[in-house]
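Please open the structure in the viewer and keep the selection panel at hand.

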Amino acid sequence: MQRTTLSTIPRRTILRAGAAIGALQVASPFIISARGETPVKIGMVDPLTGVLSALAQSEVDGAKYAEAEINKKGGILGRPVQLLVEDSANDVGTGVQKTRKLIDRDKVDVIFGDVNSGIAAAMGQVTNEKKVFHIVPGGHTDTITGTDCHWNVFRVCNTTTMDTAAITPELVKRYGKKWFFVTPDYAYGHSLQDGFIKALKKVGGTYDGDYLPINNQDFSATLIKAKAYKPNVLLNNMGGLTQINCMKQFIQFGMQKDMALGGALFELETVKALQPDAQVGWWDMEWWWDQPKVPEVVKFVSEYRAATKKTPSARDWFGYVAMHSVRVGADKAKTLEGPKLAKAMEDLELPPDVALQPGTVRYRAGDHELMPNIFVGEVHPPKGNPDNVFTVSSLVKGDVAAGPVEQTGCKMTHPA
Amino acid sequence: MTATVLAAGQRPAQKRWLSLVAIWLALLTAPLWLPLLGGYTALAGKVLVFGLAAMGFNLLLGFTGVLSFGHAAYFGLGAYGAGLTLRYLVHSTPLAMLVGTLLGGLAGTLFGLLIVRRRGVYFAMSTIAFGQIFYYIAYSWNDFTGGFDGLRGFHREPIGFGALTLDISGGTWFYYFTLAVFAVAVALMALLIASPFGRTLRAIRENERRARFLGIPVERHIWLSFSISCFFTALAGTLYALLNNFADPLALHYSLSGYFVIMAVMGGMRTFWGPLLGATVFVVLQDKISSLTVNWMSFVGLTFILVVLFFPRGLLGMLKRRGVA
Amino acid sequence: MFQVILFNVTNGLIIGAFYVLMALGLSLILNLSNVINFAHGNFLALGGYLAFMLVPTMGYWGALLIAPVLTALIGVVVERLMLRRVYGRDPVYSLLLTFGLAFVMQDAARWYWGPNPLQIDMPDVLKTPLTADLFFITWYRIFMVAIVIATVTGLFAFLRHTRVGLRIRAGTLDLDTVAALGVNVKLLRTFNFAVGCLLAGLSGVLATGQLGLNPNMGDDLLMPSFIAIIVGGVGSLTGTLFGGLLIGVAAAITAAIFPAASEVVIFVIMLLVMLVRPRGLLGEEGVMS
């Protein structure tokens, strides 16, 4: 049964259209350079589609806000900044391909990415090969500034060692040292649990736990086991949506009456997705917007809210810091060339309107990890403002929580 | 290298030679003209790799008439096989490629035995589910395969030919290496299709019952076709691992299988070069559109729908039909 | 010890019940129209999102009733516009069509409702557990199981005792003869697809109560549905029913013993079934034996 289909578009039309598109491609570089000096190009690769999209979007928002801010104040090294954003789609092949595209075709000077730490590590291999300066705003696996550290890769967000070391004393002090872990079975989950166990053993604690599939939906079996173990604290190490489901089921089963809840990261985007009765526990925030005693933060938050209609989360701050780090580093190095920029970035202190927190915040020379404060506190239902879901109880210094560089396993080799 | 496609409207020999020369010329000079069109060498490499995978897959779909929706499993097994060899066993690119190809091919051969009696959607469902097994293994077995984060820590090793060493770590050299492997594979495929075995496959595609009445062992042929297509797809997978210096679980996921199917259909599944054309269009389009908009998934999905509804014979299929009239 | 096993088996049946609902919809569409609906997970998500939109005006119960019906209506539109054209052709086309549709639907959901997870308000009475000992059986889960039982019973009764149901069952065996007997096959297929989408939409509303809403939620539920169908036996709805329960229980028990393998175990079961009894537990012949 042959139907005459729509394929009666004359071949010539298709060829003409194709030629037009091709001509446009060849012509477009000429169009841009006719406008004046070449901008500083920064390529950002993040999973804008897929399960991590909410976090990735915040990072891009922060970076775009910084781009506008930097351009208003004269750009980087006197040249305008252009942020090129590509979607890694949470797939390594795509992330690597986009990185190559940004470097080979778009000739970017700097690369940012990825939220997915596996992709971040793969990108690091490419940027290292091409000697391009690379900042990882929010990919958490420890090896990026640990055993797989590279001279050209810097990271804004914390290692799991830092996050676990920061919250453990607080949880032990408040609730006790018998813990139960609910952990996703992959590299990040393992390093989280190992970090906690190390910190817990230092104070003589005991523990039990389960490794669950990354996308686990039903936590009943594990929670049944947890209830039987009678711990002081249940550590929810799951990430993203699975973290939400674990919290929900924990609350639905009424387990908060028997034990406390805590863990390392519980990001603002995730907290807001929960119902009030599930917004509980003690956690780390890698940056928090509500710092009334720091005037730069108050100013930043109100301006950011005015521009984007949302309150900045830690992820927005990561993107913001990454952009400004390039500016500050380039000012110091007077160039964007990979090796020189990397050298200038080591031990570079961020100015207060970029650091947006008390104390000194710098990229540690030994492993290129940013050393900010870690905000330890309690998550609770919103008080007044719908974003006021976290109350900071203490600030832990990053380099104290991180431990010495030797323990990270990073052996940094610089290019000749 | 002639691909003898037995179609009623077979174009005159001269025209076929010309088009073959044109195709190979374009492929050989790709690193030169692709950047002008907004492409880059790694993209050309990806086109070849996916093209090879789609052409291998099309052996089963277009030439035997059997639909597998889980071919990414063998592609991914090829990638992991190559990566694991380079990382844990020995720093040898040829050996890595051999191991990867064997791993994917043998998995397909064994699985083929299980499902060879099924047909249609049931066959397809089984292939999907089987493929997902490897996806779950890859992302659960953290210590061995790197789990969710993928397999790292290996890269393309220089290949030694006696006194000469070919360093394929550079982008352009690797493209030509991929092209060489592609050429050999495609030649083998063409020989296969032109052979009596290939003609039997087409007979099965056209009318399975009649083939059976003619005494052809249909199940055995389908199984062989399935196995061979898995070997070719796995070979493409090894190249993919070398292209990225990385292997990740998504290379095993059924969504990639779906991409191979659309490439074959979009290019023209009844033609030999169709899948390569489909792969080119798909890879380049996806690259371009995902840079322009976050909603690229809608465009990809729309492409699937439009091809199915309005261009079922694919690009080359349409051109061929036009040529006949 | 016995208590732990009992807990986990009960848990498994609850999870399995949910898989059953999802898989039945998929199976219905597969059996009659020979179409693997890759977009089934997305219809599930759609049901959840529609409920999210309806709860403020209609309350939870209203949304529970209306959202699946709306999902079914959207299914009708899809079937008439697109799916209908590819029925007679090579199965590759219908697969590609639903595959592409899945992409479009997921992206549309992300574009319209955003990538952030959403919640719907449940009546408070459903949020508490049964008793202190049976803390993991909340009223919501009981409610969910009750809905599944009611729906499945209703579906099977419909298929057995109504004229349309009879035609669907006959069509699964031999659609040409049914057409020759004067039945409007086009309408039948549309209706069948709508019922499948209704089940998907209902699953979505139920899932939202447990898991929350996000554009990707259907993906993780699609594979267990496939496996339930393969294990139970393609062509048999009763088989799908048992398949779903079986894999639910298997997953739950594995989660208690060796949690990291709780996802892979359902594939292992599928492989075993394919090796030992390729046509599935309840075979390919007949729909409601």
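Select the open sheet of chain A: five strands lie in the order 2-1-3-4-5, with parallel pairing. Strands (E, at least two residues) and helices (H or I, at least four) are DSSP runs, numbered from the N terminus, and two strands pair if DSSP finds at least two bridges between them. Strand 2 (81–87) and strand 5 (153–155) of chain A are at the edges; each has a single partner strand, so one side of each is without a neighbour in the sheet. From one strand to the next, the twist averages 20°. This is a predicted model: local features need pLDDT of at least 70, side-chain atom pairs count only at pLDDT 80 or more, and totals for chains, interfaces and linings use all residues. Residues are numbered from 1 along each chain as its sequence is written, while chains are lettered from A and ligands numbered from 1 in the order in which they are written.

Next, select strand 1 (residues 40–46) and strand 3 (residues 110–112) of chain A, which pair in the parallel sense over three bridges. Here Gly43(A) stands opposite Ile111(A) of strand 3.

Finally, select chain C together with chain A: 28 residues of chain C are in contact (C-beta atoms, placed from the backbone, within 7 Å) with 29 residues of chain A. Helix 1 of chain C gives the most to this side of chain C, with four residues.

Note on methods
Axes fitted to C-alpha atoms, helices over the stretch in contact; angles between N-to-C directions. Contact = placed C-beta atoms within 7 Å.
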